[in-house]
Amino acid sequence: MFKNHTISILVENKPGVLQKVTGLFTRRGFNIESITVGSSEVENLARMVIVVYADLKGLEQVKKQLNKLVDVIKVIELDPNSSVKRELCLIKVKTNDAKARTEVMQYTEVFRCNIVDVCDHAITLEVIGHPNKINALIKLLKNYGIKKIARTGPTAVSRGLVL
């Protein structure tokens with residue numbers, strides 16, 4: 001059965017590694033839903049968090065092939081029940097009148113957003129949280145007219161002391 005899987009990969013922090021890793025997904029015919037890459041807690045190592053839509057058999061093959069790459073230190077699939085997943089999203093919303101502006105500002109309180117920019121006819125919100133939270137906010141704001149959305153895609157870490 002196909003579903004989204006979140007994979008955390010610890011890699012050497014050097015040029016070309018990202019291309020090697022993403023190339024494996026391309027060769028297997030999997031689309032990467034999102035990818036975040038940044039430095040890790042270990043000097044000269046980076047962490048990639050990749051969300052991919054795949055079946056278990058295909059995912060296992062990709063994980064085995066990733067582990068064969070010289071630049072890859074460790075690969076784990078993050079269990080949704082024992083990991084923390086967050087995403088950053090910026091949303092620019094039309095607020096053509098005082099009523100709309102007030103209502104959008106009330107949503108910022110409910111969803112614990114930050115207002116990062118205000119102009120005559122729009123408010124830009126910053127929301128951080130689980131992708132489901134962000135999707136729910138976007139659904140509510142569509143009624144006002146969303147001018148722009150910029151999403152980072154989820155990043156995640158396991159709970160406890162695992163990778």
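# Briefing: strands, cores and pocket of a predicted model

E1 and E4 pair in the antiparallel sense, with 6 bridges between the two strands. The model is predicted. The protein chain has 4 helices and 9 strands, and along the sequence these follow the pattern β-α-β-β-α-β-β-α-β-β-α-β-β.

**Overall layout**

- Taken along the principal axes, the C-alpha atoms of the protein chain fill a box of roughly 60 × 35 × 30 Å.
- The protein chain has 163 residues, and buried residues make up 39% of them.
- Of the contacts between residues at least 6 apart in sequence, 72% join residues at least 24 apart.

**Strand E1 and its partners**

- E1 is mostly covered, with 7 of its 10 residues buried.
- E3 is joined to E1 by 10 bridges, and these two strands run antiparallel.
- On the E4 side, Val72 stands opposite Val11.
- Val11 also touches residues beyond its bridge partner: leaving out residues up to four places away in sequence, its contacts include Val17, Val21, Asn44, Leu45, Ala46, Met48, Asp71 and Ile73.

**Nonpolar cores**

- Which residues have the most contacts inside the largest nonpolar core? They are Ile7, Ile9, Val11, Val21, Phe25 and Leu66, in a core of 18 residues.
- At least two residues of this core come from each of E1, helix H1 (17-28), strand E3 (45-54), helix H2 (56-68) and E4.
- E3 gives the most to this core, namely 5 residues.
- Another core lies apart from it and has 15 residues, including Cys89, Val93, Phe111 and Leu141.
- In soluble globular proteins, nonpolar side chains tend to be buried together.

**Largest pocket**

- The volume of the largest pocket is about 330 Å³.
- Its lining consists of 18 residues, and those that lie nearest the centre are Asn4, Thr6, Pro80, Lys85 and His130.
- Strand E1 (3-12), strand E4 (72-78), strand E5 (83-94) and helix H4 (131-141) each supply at least two residues of the lining.
- By class, the lining of the largest pocket has 7 nonpolar, 6 polar and 5 charged residues.

**Two loop residues with positive phi**

- Most residues other than glycine have a negative phi.
- Asn44 has a positive phi, near 70°, and is found in the loop between strand E2 (32-39) and E3.
- Is Asn44 buried or exposed? Asn44 counts as exposed because its relative accessibility is 56%, and the cut-off for exposed is over 50%.
- Asn44 is also among the residues that Val11 touches.
- Arg112 has a positive phi too, near 55°, and is found in the loop between helix H3 (98-110) and strand E6 (114-119).
- With a relative accessible area of 72%, Arg112 is therefore exposed.

Notes. Residues are numbered from 1 along each chain as its sequence is written. This is a predicted model: local features need pLDDT of at least 70, side-chain atom pairs count only at pLDDT 80 or more; totals for chains, interfaces and linings use all residues. Side-chain values use heavy atoms; hydrogens and water are left out. On a 1 Å grid over the protein atoms alone, a cavity is a set of points where a 1.4 Å probe fits but cannot get out, and a pocket is an open set with protein on both sides within 12 Å along at least five of seven lines; lining residues have an atom within 4 Å of a point. Grid points are joined across faces, edges and corners, and a volume is the space filled by probe spheres set on the points. Ala, Val, Leu, Ile, Met, Phe, Trp, Tyr, Cys and Pro count as nonpolar, Asp, Glu, Lys and Arg as charged, and the others, Gly among them, as polar. A nonpolar core is a set of buried Ala, Val, Leu, Ile, Met, Phe, Trp, Tyr and Cys residues joined through side-chain atoms within 4.5 Å. Buried means under 20% relative accessible area, exposed over 50%, partly exposed in between (1.4 Å probe, protein chains only). Contact means heavy atoms within 4.5 Å. Two strands pair if DSSP finds at least two bridges between them.
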